[in-house]
Amino acid sequence: MITESKIKKEVVKYKAKELVEGRNTRKVQYRKLVDKFGIVNVSHASGLNTTTLTQYLRAKSPNIGYEPLMQALVVLSKFE
């Protein structure tokens, strides 16, 4: 039987899974940028300092938002 409680539990599971997958995807994208352009250039392009970016890349489940990544992707794409 479907209950409100069961639905809420599934929603929580879904949101948690999406959050982790999104973070890991961003981490992979940052790693690719760093490999291609170097950590200093990615730092400048994203607006994050190099220490923050280094910690982010080492973390198991990093928590840096989408906006700095998009900024770095757009800025650095002009130098390809």
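This is a predicted model: local features need pLDDT of at least 70, side-chain atom pairs count only at pLDDT 80 or more; totals for chains, interfaces and linings use all residues.
User: What makes helix 2 and helix 3 roughly perpendicular?
Analyst: Helix 2 (residues 39-46) and helix 3 (residues 50-58) pack at about 105 degrees, with their axes 9 Å apart. Angles under 35 degrees count as roughly parallel, over 145 as roughly antiparallel, 65 to 115 as roughly perpendicular and the rest as oblique. The two helices are therefore roughly perpendicular.

User: Which residues make that contact?
Analyst: Helix 2 contributes Ile 39, Val 40, Val 42 and Ser 43, and helix 3 contributes Thr 50, Leu 53 and Thr 54; contact means heavy atoms within 4.5 Å. These residues divide into 4 nonpolar, 3 polar and no charged.

User: Why is Ser 43 called buried?
Analyst: Its relative accessible area is 7%. Buried means under 20% relative accessible area, exposed over 50% and partly exposed in between, with a 1.4 Å probe and protein chains only. Ser 43 is therefore buried. Val 42, Ala 45 and Ser 46 are also buried residues of helix 2, and the buried residues of this helix pack against helix 1, helix 3 and helix 4 (66-77).

User: What does the side chain of Ser 43 reach?
Analyst: The side chain of Ser 43 reaches the backbone oxygen of Leu 48 at 2.4 Å.

User: How do you know that Leu 48 counts as buried?
Analyst: Leu 48 has 16% relative accessibility, so by the cut-off already given Leu 48 counts as buried. Leu 48 is in the loop between helix 2 and helix 3. Not counting residues up to four places away in sequence, Leu 48 touches Tyr 30, Ser 43, Leu 53, Ile 64 and Pro 68. The C-alpha atoms of Leu 48 and Ile 64 are separated by 9.5 Å, and the two residues are 16 apart along the chain.

User: What makes the pair of Tyr 30 and Tyr 56 edge-to-face?
Analyst: Rings of Phe, Tyr and Trp (its six-membered ring) pair if their centres lie within 6.5 Å; planes under 30 degrees apart count as stacked, over 60 as edge-to-face and the rest as tilted. Here the centres are 5.1 Å apart and the planes at 80 degrees, so the pair is edge-to-face. Tyr 30 lies in helix 1 (residues 4-37) and Tyr 56 in helix 3, 26 residues apart. Both Tyr 30 and Tyr 56 are buried.

User: How are residues numbered, and which atoms and pLDDT values count?
Analyst: Residues are numbered from 1 along each chain as its sequence is written, and side-chain values use heavy atoms, with hydrogens and water left out. Local features need pLDDT of at least 70 and side-chain atom pairs count only at pLDDT 80 or more, while totals for chains, interfaces and linings use all residues.

Terms used
Axes are lines fitted to C-alpha atoms, for helices over the stretch in contact, and angles run from 0 to 180 degrees between N-to-C directions. Helices (H or I, at least four residues) and strands (E, at least two) are DSSP runs, numbered from the N terminus. Ala, Val, Leu, Ile, Met, Phe, Trp, Tyr, Cys and Pro count as nonpolar, Asp, Glu, Lys and Arg as charged, and the others, Gly among them, as polar. A polar contact is a pair of N or O atoms within 3.5 Å; within protein, one must be able to donate a hydrogen and the other to accept it, and residues adjacent in sequence count only if both atoms are side-chain atoms.
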